[in-house]
Amino acid sequence: MTRMNDSQQTYLGLLWHAVFLSITVTFTEVNTVLPALVLDLGGNSFHVGLISAIMIGIPLISKLFFTSFLSQQRRKQPWLLVGIYLRVLSLVMIGITLSYQTRFSFFLVMLLVYGALLLFSLSGAFAGLPYIHIVGGSLEPGVRKRFFPQKQIIASVGTLVSVFAAQYILRRFPHPQSYVYLFFAAGSFLLIASAGFWALKEVPREPEGSKGYLETLKAIPSILRSDRSFFSYILFSNVMSISLALIPFFIGFARNRFSISEEQFSFILLVQISGMIVSSLIWPKVVASGGFKRILIIRIILNMLIPCAAILVGSFGTFPIYLVVVFLIGFSLSGRTVSEDAVLIELSDDANRVLYSGILGTLNISIIIFPIILGSLIELTGTLPVFISVGMVSAAGFFFLRRMTCPVDVHDSKAG
């Protein structure tokens, strides 16, 4: 009975965190808020590009550095809180920097902002490892099947509300006060979100053999050879990341085809979030009938259809019809959020979960390099061949998915 109560408390604590984290993510959105901030500070395209490298690339490649240390800790919860509070500190640092930016040179302001963003990214990667471990070790498989879809529903609703809040702050107050309030608010909501982690009831586990970073790096090939399902999931993630990297170009394609105004652009964001919310209501039934692997199948189909649909509607349709494409993009993004960590947890166990998370992040390099590659190819060849090619590449996900043995496959084979 006590164990069940602990599990429920952990479940509620994780959902509490999801609500307020979704608001923080919106207030620091890497595709809109942060680029706008840098441009308002006087930066250019190069400075905007650095944001993607820091906010997307750094967390992925840094995870493996933390795995050796975290895997040796009996309890991961204290280090999860350390990572969260460092993230709060980084947001407050940006707010303070913007408050006094007139007293500093442009170079110093940018240095302080990028330094804080770097801390934000690194601490997020650090906190992500114990988070995966605790979710996998504290929630039973059946509970996890409910948790991830419910978490996505709550996060989507929180995102929808926070979009209106962020737009109000940015329009209501002049620059730079608007960004100051935005980042102080983001830090406050993340601090509130951390209260959920105090409610976690983690079961301490004895650490296994210690490995340094270089030793772990050298061991990766043997780990991948011994676990075909995990290796296949890494390849699957890389293929899906190419489609993820294409998403900003769908918006750029629409702006060129339909001459979208700023008001229409805001509506696009709302439609995308609406797609995430609607799909979040569907995922629980999908997971209940076919596990998280069925979501991966749906993601492949969506990533094959969306580029073709965008081309067809952009060539022969109208802006309102194109919103259907945007709605489907919301579906795809939501499916990624629900399944990404969930599948990793299912493929790992308590002994190797932190290590697997670090390896997956380090080897998922497509999301780092393909935004630059796709942008260059679109400039050289145009939109049509790139969109069609990415849709065709997404079909390779079926091959890697067939090579993955998930718990749902084992269950189905026993049932048969």
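Glu340 and Arg336 join their side chains in a salt bridge, at 3.2 Å from N to O. The two residues sit four apart in helix H11, so about one helical turn separates them. Glu340 is partly exposed, at 25% relative accessible area. Arg336 is also partly exposed, at 25% relative accessibility. This is a predicted model, and a search of the whole structure finds two salt bridges.

The other pair is Glu346 with Arg144, whose side chains meet at 3.2 Å, N to O. What does this pair tie together? Glu346 lies in helix H11 and Arg144 in helix H6 (residues 141-172), so the bridge links parts that are 202 residues apart in sequence. Both Glu346 and Arg144 are buried. In general, side chains of opposite charge can pair when their charged atoms come close.

| Salt bridge | N to O distance | Burial |
|---|---|---|
| Glu346 and Arg144 | 3.2 Å | Glu346 buried; Arg144 buried |

Helix H11 spans residues 319-347 and also holds Ser332. Is Ser332 buried or exposed? Ser332 is buried, because its relative accessible area is 9%, and the cut-off for burial is under 20%. Beyond four places in sequence, Ser332 touches Leu302, Asn303 and Ile306.

Thr28 occupies the loop between helix H1 (2-27) and helix H2 (33-40). Thr28 is buried, at a relative accessible area of 7%. What does the side chain of Thr28 reach? That side chain comes to 2.9 Å from the backbone oxygen of Thr24. With neighbours within four places in sequence set aside, Thr28 contacts Val33, Leu34, Leu91, Phe120, Phe183 and Ala186. Val33 and Leu34 are themselves buried in H2, as are Pro35, Leu37 and Val38. Just after H2, Gly42 adopts a positive phi of about 110 degrees.

The surface has a nonpolar patch. Its members are Ile96, Tyr100, Phe104, Phe107, Leu108, Leu111 and Leu112. Together these residues have about 650 Å² of accessible area. Which helix gives the most to the patch? Helix H5 (residues 106-138) does, with four residues. Leu108 lies in helix H5. Leu108 is partly exposed, because its relative accessible area is 32%.

Confidence comes last. The protein has a mean pLDDT of 83, and 90% of its residues reach 70 or more. Where is confidence highest, and where is it lowest? Helix H4 (residues 77-99) has the highest mean, at 94. Helix H16 (residues 407-415) has the lowest, at a mean of 49. Over residues 410-416, pLDDT stays under 50. For that stretch, the model has one contact beyond four places in sequence. Where pLDDT is low, the predicted coordinates should not be read in detail.

How values were computed. Residues are numbered from 1 along each chain as its sequence is written. This is a predicted model: local features need pLDDT of at least 70, side-chain atom pairs count only at pLDDT 80 or more; totals for chains, interfaces and linings use all residues. Side-chain values use heavy atoms; hydrogens and water are left out. pLDDT is the predictor's confidence in each residue, from 0 to 100. Contact means heavy atoms within 4.5 Å. Buried means under 20% relative accessible area, exposed over 50%, partly exposed in between (1.4 Å probe, protein chains only). A polar contact is a pair of N or O atoms within 3.5 Å; within protein, one must be able to donate a hydrogen and the other to accept it, and residues adjacent in sequence count only if both atoms are side-chain atoms. A salt bridge is a side-chain nitrogen of Lys or Arg within 4 Å of a carboxyl oxygen of Asp or Glu. Patches are made of residues with over 30% relative accessible area and no salt bridge: like charges are joined within 9 Å, nonpolar side chains (Val, Leu, Ile, Met, Phe, Trp, Tyr) within 5 Å. Accessible areas come from the Shrake-Rupley method with a 1.4 Å probe; for residues, only the protein chains shown count as cover.
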